[in-house]
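Please consider how helices and aromatic rings may be described in a protein model. The paragraphs below take up each topic in turn.

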Amino acid sequence: MRMTDLQRCDVRPGRLVEWTLSPATVAAAKALPEDSRPPAYIQEAHLRTARTVREDGLFVPTWIGAAFDLPGRADLDALGEALRGWTLRHETLRSGFRWVGGPGDSIRRFTLDADAVSLHREDAGDFTDAAALARHLQDRFDTTADALRWPNLIYTAVVRDDSTSVYMAFDHSNVDAFSIYRIPAEVHELYAAHRTGRLPDRPPVSSYVDFCEAERADADRIDADHEIVARWREFIRRCDGRLPSFPVDLGLADGGALPTQRLMREMLVDADAAAAFEAYCRPCGGSLVGLLAATALIVQEIGGTPVYRTVVPFHTRARSVYSDSVGWYVGGAPIEVPVARTPDFPATLTTVRNALHAARPLARMPLARVLGLLGADFRPTSPDMYSIVSYADARDIPDSTSWTERNAYGLIRVSHGDQVCAWVTRLHEGLWFAARHPDTDVAHKNLRLYADRLRDVILSVADRAPRTRR
């Protein structure tokens, strides 16, 4: 799916319908006892960051979502049943958190039984202007899919005679990119089934809530003397005591207010070039290694950085039982690339491969746990702890060949932040690039230069490899 924002995902006028968890479901949740399964460290860090930023006087929406089309004027009863069935399939969507205690405030989970969950449908009226509809959807998603409230999800449909567009938003605490990628196919299947009265016989999905409990128990076994903590400690020391930012000038003043952001998104290269780039990089690990090697060389060109330091996101779905599960299965691995000693792409490719091989096991340990053990003051003032360059190959996602026809997008909320977050997605059509960055002239110029040079490097490398297309 192409990652973009609401303003650039082809929103078209129509009649807007919304589904949220019903008042009866919300009331039932308030009476629930504590669920002994704790939040994941990444969830807890997300919620604490959101509260800190809010207490500093800034509202920063952190939802992500999905958009896709259904053919014709949708049967809203069938669509509502499909959305409810999909929600019940994923336990994390009926689980939330409460703040408990005084100044230190602990975070406790509650989880509804499936039979206590129902959706409330409301007609929000006809919209004849696409821009006004996009603004309305963004405002509704900001208000409803908010980290500091529950429920923090909302489903909508824009109904027209020729098609119906579905827009879904979730606070990030419950979903990651791979969760979003799977939504169009799953909802399409459930919707078609409810229209015909034949429900699909699908095996149950493993619970992200169970994963959170197991991951946290494993993380709590380490202490400040553990090798993983020592490696992070040394990495942060070499980053001048901070987690790494994107090493180019972003035009930000020290100590300034959290800036607004803007989005850059475009197709980098076509399918043939993407396949050739992958083929060239495969002996060293593939496209992720190649993208990081290219980035290391480019940021040295732009900013003169002799060593490229970054945290590489990896999914933590280590077991296949979590492949279809909705949740935030993401960890980070710190790498260092001494570009000054690797002046060309092949040498940098090898260096990145070795760095990733050494660092990847660190991604299985939640960074929030490590930072707590380090004892450093990492009081979050931005929703992004560090800058990222992320890569995902989405071609094996069910029905991904239909994404263009179904007008499917992954939705990013662009609001405030002082970091650069870039996502490169391998689609059947090629490599898609999206990045949000501080909205300054300097940052825009340097990110524009970065994207252009990234395309140049990919094409240059692709020219050295046999053209193969999967």
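Contact here means heavy atoms within 4.5 Å. The model is predicted, so local features need pLDDT of at least 70 and side-chain atom pairs count only at pLDDT 80 or more, while totals for chains, interfaces and linings use all residues. Residues are numbered from 1 along each chain as its sequence is written, and side-chain values use heavy atoms, with hydrogens and water left out.

Two packed helices are described by the angle between their axes and the distance between the axes. Helices (H or I, at least four residues) and strands (E, at least two) are DSSP runs, numbered from the N terminus. In helix H8 (residues 271–281), Phe277, Tyr280 and Cys281 meet Phe345, Pro346 and Leu349 of helix H10 (residues 345–359). This contact of H8 with H10 has six nonpolar, no polar and no charged residues; Phe, Tyr, Cys, Pro and Leu are among the residue types that count as nonpolar.

A pair of aromatic rings is described by the distance of the centres and the angle of the planes. Rings of Phe, Tyr and Trp (its six-membered ring) pair if their centres lie within 6.5 Å; planes under 30 degrees apart count as stacked, over 60 as edge-to-face and the rest as tilted. The whole structure holds 17 aromatic pairs. In one of them, Trp63 and Phe141 are edge-to-face, with 5.2 Å centre to centre and 85° between the planes. Trp63 belongs to strand E3 and Phe141 to helix H4, 78 residues apart. Tyr208, Phe211, Tyr322 and Tyr329 form one aromatic cluster.

Notes
Axes fitted to C-alpha atoms, helices over the stretch in contact; angles between N-to-C directions.
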